[in-house]
Amino acid sequence: MGKRRLMKFPFIILVATFAVFIFGGVASAGFTDVSDSHWAADSIDKMSSRGVVAGYTDGTFKPDKTVTQAQAVTMAVRAKGLRSFAGDNLPDVSFPVPGWAEQDIKLAIKHGLLKETDQFSAYSGATRDWTTRLLVRLAGLESRVRAEILQPNFTDAGIIPDWAQFYVRVAQDEGLVTGYDGGVFRPRQAVSRAEMVAFLDRAVTRLPGSTATGPTTAINTGSPGQMGGKVSGSIIKVFPESNTFVVRQHDGVTRVLSLPENASVSVEGSGASGLNALRQGDEVVATLNAAGHVIGIVVDSRSGGGGDGIVFDLDLDLDPSLLTMEYEDGALAAYQLAPRVAVFIEGTRFPTLPDVHKGDRVRLTVRDNLVTEIEVLEQDARLDVTGEVVVLDTDRDVINLDVDGVLKAYRLALGLKVTVPGLKSAHLSDVEVGDTVRGTGKDGAITLLEVEGREAGESFVATIVAVDNDSRVLTLEEHRGGDVKAYEVLDKARIIIDDDEESLGKLARDMEVMVRLLDGDVIFVEVDNAPTGTITDVDEKGLLLVLRRDNGDRVTYVIDRRVDVESKDGRDKLDEVNRGDYAKLMLDDDRVEEIRLRHTITCRVESVLETRDRLEVVDEDGDTGRLYVRDSVDLVVPGVNYPRLDDVSRGDLALVTYLGRSLERVEVLKPYHGSVSSLDIYSRSLTLKLFDGGTKSFSYPTGSRVVTGDRTYDSFSALAVGDRVEVVENTGGGYTFSVMEKVTGKLASKVDRDGDNIYLRDGYEWVKYQLDERVWVHGTGGYVYSIDRLKNEDSVRLYLLRGMVYAIEVY
């Protein structure tokens with residue numbers, strides 16, 4: 001999500017007012033409203049000199065102002081000395097934060113100061129209990145909390161929240177926090193700026209190598225009344241959130257310079273505008289107006305320090321040539337190249353510009369607005385290449401590709417994943433010289449190799465009629481039509497028998513096999529000697545079971561007296577096996593030792609973790625679970641011929657099938673979402689106006705149900721015209737009509753097109769709602785428009801199901 005700001009409301013505006021004080025770089029405590037006798041003067045002095053906090057441009061500190069949670073976290077990050085660099089893998093932030101604090105909050109999550117499970121509200125005041133947890137983590141005392149068994153020694157300990165009890169006790173024992181007169185802690189009291197710096201002053205003394213005081217540098221904050229002119233020097237720190245930056249002049253004097261409130265400024269020589277374009281080490285000339293505010297900035301020269309990034313594009317055909325960089329925060333910056341550019345690449349003699357490639361991590365030196373030096377720090381730091389396989393060396397894990405006529409070699413990462421059209425389980429051995437492949441990865445190694453352009457073949461179940469091992473020909477009777485055909489078996493074909501890889505000679509007449517073809521030839525054969533089918537009869541006393549196998553044959557099996565029964569729904573006894581159950585029988589000497597029953601449930605996908613081959617889901621009963629969708633699991637996605645896990649989206653409904661306790665199949669369903677436009681109680685039918693503008697009619701057959709909140713009704717009358725519903729076909733017949741919850745309110749922020757959440761304002765708080773990836777937005781009159789047209793303060797109705805927003809109406 002983007003920046004969360006309520007620009008029209010003074011009680012929530014923090015960026016334009018509070019943000020100014022947080023990041024002042026190097027400063028002493030000479031604030032007009034903080035006397036030497038102020039109880040927190042020493043702490044304010046120390047924290048301001050360390051660059052943790054600073055004052056306003058009017059020379060005040062405002063020690064009694066409340067600190068927001070975002071500001072508190074940012075102060076803690078600065079106090080701990082955490083920094084991010086280009087290429088750092090910072091976590092995503094799933095809750096609203098102001099843009100100026102986003103980087104520091106990501107750092108806080110990465111280093112454990114803040115956790116995704118915390119109740120975090122960036123714009124709310126930081127309370128004493130909430131701040132105490134932050135202090136304990138800052139001081140590195142989290143492990144003490146897990147071992148603590150005593151409650152805090154305060155008279156109001158009973159009102160301290162359960163989650164904060166042991167944090168407060170540890171902080172009390174370590175002297176990080178103290179109480180008020182009467183021994184009270186006041187956990188819900190907001191923390192002021194003066195209190196926050198005092199807390200931080202105590203906490204940083206617990207850090208390894210910390211000293212009680214930090215380095216202090218004299219600083220000239222200037223004043224709004226000073227005359228205009230120019231200031232030249234080197235950028236020390238930049239604080240875009242407060243429109244402020246710190247410059248060290250050539251005479252050694254450090255100056256804090258500010259833009260007028262809510263103003264922006266062009267930064268000549270940087271290729272961008274706004275203070276985000278400045279970087280530490282830039283040599284600049286700032287022009288001031290009569291009020292002492294910056295109205296123009298020129299970058300005289302730029303060193304590589306702090307400017308590391310990834311080459312996004314390098315166009316040498318332009319005159320002058322243009323280099324586009326992508327930095328850690330996702331920002332792009334374009335630079336023109338000088339007529340002569342020095343290139344440095346370790347291990348390469350006499351490197352030139354053509355040796356610099358997209359995806360390389362580099363450091364630039366910019367002088368007179370032109371790039372004069374490029375130092376390649378890491379080649380192929382971000383890898384995405386398409387080419388034709390020339391050499392595949394599986395012993396050395398190296399692949400050579402012809403990329404646009406240039407031969408290039410790439411390492412294959414440990415744990416390489418390979419995909420080939422038509423193969424559910426592909427291996428490196430399935431890749432051929434001449435294949436067109438796309439390789440993606442990082443740190444110069446390919447982690448995913450995708451074969452492109454190869455025609456995928458069909459698969460089917462058959463019975464082996466004959467095997468000619470010398471000619472590598474397999475004659476099969478196909479179950480789907482009874483045709484008998486002969487197929488050539490490719491040399492690279494994989495033969496799997498009972499989960500073990502075997503040779504063609506291990507196949508025999510009458511074996512039942514699953515076959516996959518590639519361009520008409522056999523590329524894959526799998527034999528599973530465990531029969532599968534539908535149970536048509538069970539004799540518990542005679543220990544006999546009749547199975548109608550998948551090919552239609554009825555076979556009677558003898559059941560072992562100690563037979564095991566496995567089913568995901570909890571059935572584990574022979575008398576719980578029913579006629580009509582689909583089962584897989586595990587045999588030993590033709591006796592059934594184990595019966596694995598098929599069980600199907602409907603789940604909602606909560607998250608997709610591609611790197612772990614995992615879906616996190618919630619079933620119809622609200623129970624959470626994890627599905628590991630690996631090679632043995634069939635994945636079906638409507639409209640996708642050869643689906644992968646990244647074709648599954650958060651919010652999808654899935655039909656999940658188990659065989660015994662093993663996951664067998666995940667099929668993404670296509671539910672219908674819309675508004676009930678008409679009901680016919682006589683024919684028990686209804687018409688749905690779909691959110692995408694279409695219409696769909698449904699009957700209400702036996703087995704149908706209506707779900708409203710936590711209640712389920714069999715009656716058709718539980719539906720009403722105007723209900724927003726989701727319709728899913730039940731596996732046992734009929735439909736489930738789930739009625740959506742309606743929430744009304746005003747938007748607390750603009751909604752990004754690619755955002756995951758939407759926020760409504762509830763007094764001083766924001767309430768977050770999760771968006772379905774296919775959420776529909778309807779305006780007055782029912783027309784559909786893009787979600788990014790929603791504006792702050794729009795009045796909306798949200799329609800939710802299982803906590804997720806499927807439709808938004810603006811009224």
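A charge sits over a ring if NZ of Lys or CZ of Arg is within 6 Å of the ring centre and within 35 degrees of the ring normal. The charged end of Arg193 meets this rule over the ring of Phe61, 3.8 Å from its centre. Arg186 likewise lies over the face of Tyr180, at 4.2 Å from the ring centre. The model is predicted, so local features need pLDDT of at least 70 and side-chain atom pairs count only at pLDDT 80 or more, while totals for chains, interfaces and linings use all residues. Residues are numbered from 1 along each chain as its sequence is written, and side-chain values use heavy atoms, with hydrogens and water left out.

Aromatic rings were examined next. Rings of Phe, Tyr and Trp (its six-membered ring) pair if their centres lie within 6.5 Å; planes under 30 degrees apart count as stacked, over 60 as edge-to-face and the rest as tilted. This rule gives 10 aromatic pairs. Tyr700 and Phe716 have ring centres 5.2 Å apart and planes at 65°, so this pair is edge-to-face. Tyr700 and Phe737 are stacked, with 5.6 Å between centres and 20° between planes. Tyr700 lies in the loop between β36 and β37 and Phe737 in strand β40 (residues 735-739), so the pair ties together parts 37 residues apart in sequence. Strands (E, at least two residues) are DSSP runs, numbered from the N terminus. Tyr700 and Phe716 are both buried (under 20% relative accessible area, 1.4 Å probe, protein chains only). Phe737 also counts as buried, at 0% relative accessibility. One aromatic cluster is formed by Tyr672, Phe698, Tyr700, Phe716, Tyr735 and Phe737.

Two strands pair if DSSP finds at least two bridges between them. β41 and β44 (residues 795-801) are antiparallel over 6 bridges. Here Gly745 stands opposite Val796 in β44. Val796 also has a bridge partner in β45, namely Val810. β44 and β45 run antiparallel, joined by 6 bridges. These two strands form a hairpin with 2 residues between them, and Arg802 in the turn has a positive phi of about 50°. On β43 (residues 765-778), pairing with β45 is parallel over 5 bridges. His778 stands opposite Glu809 in β45. Strand β45 (residues 804-810) is mostly covered, with 7 of its 7 residues buried.

How values were computed. Helices (H or I, at least four residues) and strands (E, at least two) are DSSP runs, numbered from the N terminus. Buried means under 20% relative accessible area, exposed over 50%, partly exposed in between (1.4 Å probe, protein chains only).
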